[in-house]
Every structure is written in structure tokens, then in C-alpha cells.
Amino acid sequence: MKKLNFVVLNGPNLNMLGIREPEIYGKQTYQDLCNLICGYAERKGVLIEVKQSNHEGDLVDWIQEAYQNVDGIVINPAAYTHTSVALLDALKAVGLPAVEVHISDVAQREDYRQISYVREYCEKSIMGRGFDGYLEAIDYLIKRCEATLCK
């Protein structure tokens, strides 16, 4: 049986974790997040690649590159959550299982953060669970793929 393969995509300013609003996002760094995700994936026996960009087009390109190359997508679009129809359209185009993750609970934040374009496509949204939300998303994709024989 082949190993499942996922990509984790992170949007703008997540590279500033540990610096940016630590009262909301915590004091752990982006590298801490990457290490946590990669270690967890290894223990779960899945292949994973973690990417971050402050540029919407990079995220669209990476979603498109995932087509026929990965089994699922974990995406934290960050600020693009609330503005990017392009990310939604890219997710729809590739047709892969996807989970939306947010470190903070955006449902309890500013009014403008209540809109999520990608949520229209994503099978699950995980908010306010900190870095553990990414691990929950990976677990969800594993179970979903094992149940439906992704690919």
C-alpha cells in the first residue's frame, strides 16, 4: 500500500509566528510549527510537505501542483481566507480533499474575519486549536483517505 501524501499550505504572515501578536498566535515560531507537523506526519507514516507564502499566486500555484501529486491539502490561507476567490477556485479545480485550519478562533474575532471563501470547498474547518489544529487536519485526511481510497 502506498503512503499517503499531503501538502500543508500556509498563507501570509504565518512566517512571523512567535513575533506577530503572540497573545493571539502564541510564542512558538513558524519553524516550531513545521517541526511539529513533519514529526507528526512521520510518526503517522504519511509523506508531507509544508509551504508558506505571503503571495496569493504562490498558494494558487501550489494548489494546482498538488493535482495528481498529493492525496489531500491542509490549508491555512491566513488573511487570504477572507479575500481570495482565487484560492477557492484553485481548490475546486483540483478536486482534492481539503481541510481549512486557523490557529486562532476566527469565529470569535473581528467581523471581517467571519467570511471564509475556502470554507465553501473545504470538507472541514478547524479553528482555535493552535498548532494542534494542523494535527487534527492530518488525522482527518488520513481517515478520509483510508475510507475512500484516495487516488
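Helices (H or I, at least four residues) and strands (E, at least two) are taken here as DSSP runs, numbered from the N terminus. The structure is a predicted model, in which local features need pLDDT of at least 70 and side-chain atom pairs count only at pLDDT 80 or more, while totals for chains, interfaces and linings use all residues. Residues are numbered from 1 along each chain as its sequence is written, and side-chain values use heavy atoms, with hydrogens and water left out.

The secondary structure of the chain consists of five helices and five strands, arranged from the N terminus in the order β-α-α-β-α-β-α-β-β-α. The radius of gyration, taken over C-alpha atoms, is 14 Å, close to the 15 Å that the globule rule gives for 151 residues, so the chain is as compact as a globular protein of that length. This rule is 2.2 Å times the number of residues to the power 0.38. Along the principal axes, the C-alpha atoms fill a box of roughly 45 × 30 × 25 Å. Of the 151 residues, 48% count as buried; buried means under 20% relative accessible area, exposed over 50%, and partly exposed in between (1.4 Å probe, protein chains only). Among contacts (heavy atoms within 4.5 Å) with a separation of 6 or more, 76% join residues 24 or more positions apart. The chain exposes about 7,600 Å², of which carbon and sulfur atoms supply 49%; accessible areas come from the Shrake-Rupley method with a 1.4 Å probe, and for residues only the protein chains shown count as cover.

Buried positions of α5 include G133, Y134, L135, A137 and I138. The buried residues of this helix pack against β1 (5-10), α2 (30-44), β2 (47-52), β3 (72-76), β4 (98-102) and β5 (124-127).

Nine salt bridges are found in the whole structure, each defined as a side-chain nitrogen of Lys or Arg within 4 Å of a carboxyl oxygen of Asp or Glu. E49, K51 and E65 are linked in a network of such bridges. K51 is buried, at a relative accessible area of 16%, whereas E49 is partly exposed at 44% and E65 is partly exposed at 45%. A further salt bridge joins E123 and R144, with the closest N and O atoms 2.9 Å apart. E123 lies in the loop between β4 and β5 and R144 in helix α5, so this pair ties together parts that are 21 residues apart in sequence.

Most residues other than glycine have a negative phi. N13, in the loop between β1 and α1 (22-25), has a positive phi near 75° and is partly exposed, with a relative accessible area of 36%. Q68, in the loop between α3 (56-66) and β3, has a positive phi of about 60° and is exposed, with a relative accessible area of 56%.
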